[in-house]
Amino acid sequence: MKRIILASCIAALALFVGLNIAAAADPAAGKALAKKCSCHNAKKNLNGMDAKKFTGLMMDYKAGKGEPKSMIGIGQKLSDAEIQDLAAYYSSLK
């Protein structure tokens with residue numbers, strides 16, 4: 001029973017933190033950051049991507065994981081807030 005209560009509390013906290021991070025994301029700031037993403041902007045291959053998926057991919061790059069390897073250096077230069085802003089921007093596009 002204690003494990004169920006603990007798991008429920010952890011899940012609630014994760015949801016609360018996740019909602020606060022998403023609420024703090026600024027698509028306008030993401031648009032400004034995205035100006036440096038010339039390859040993706042030309043291909044429009046990030047337009048409409050789910051913000052959670054985008055954030056997960058970028059956090060992997062930031063942690064030194066994922067393909068293409070060229071994205072790792074880019075991801076490592078971004079703050080968590082910048083990644084959230086980019087996710088909000090790209091997810092807002094069609």
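## Secondary structure

The protein chain has six helices and zero strands, where helices (H or I, at least four residues) and strands (E, at least two) are DSSP runs numbered from the N terminus. Read from the N terminus, the order of elements is α-α-α-α-α-α.

The model is predicted: local features need pLDDT of at least 70, side-chain atom pairs count only at pLDDT 80 or more, and totals for chains, interfaces and linings use all residues. Residues are numbered from 1 along each chain as its sequence is written, and side-chain values use heavy atoms, with hydrogens and water left out.

## Burial and contacts

Of the 94 residues in the protein chain, 23% are buried (under 20% relative accessible area; exposed is over 50%, partly exposed in between; 1.4 Å probe, protein chains only). The protein chain exposes about 6,600 Å², with 65% supplied by carbon and sulfur atoms (Shrake-Rupley method, 1.4 Å probe; for residues, only the protein chains shown count as cover).

Taking contacts (heavy atoms within 4.5 Å) between residues at least 6 apart in sequence, 64% join residues at least 24 apart.

## Salt bridges

There are two salt bridges in the structure (a side-chain nitrogen of Lys or Arg within 4 Å of a carboxyl oxygen of Asp or Glu). One links Lys-62 and Asp-80, at 2.6 Å from N to O. Because Lys-62 belongs to helix α4 (residues 51-62) and Asp-80 to helix α6 (residues 80-92), this pair ties together parts 18 residues apart in sequence. Lys-62 is partly exposed at 27% relative accessible area, and Asp-80 is partly exposed at 41%.

Lys-69 and Glu-67 form a salt bridge with their closest N and O atoms 3.5 Å apart. Both Lys-69 and Glu-67 are exposed.
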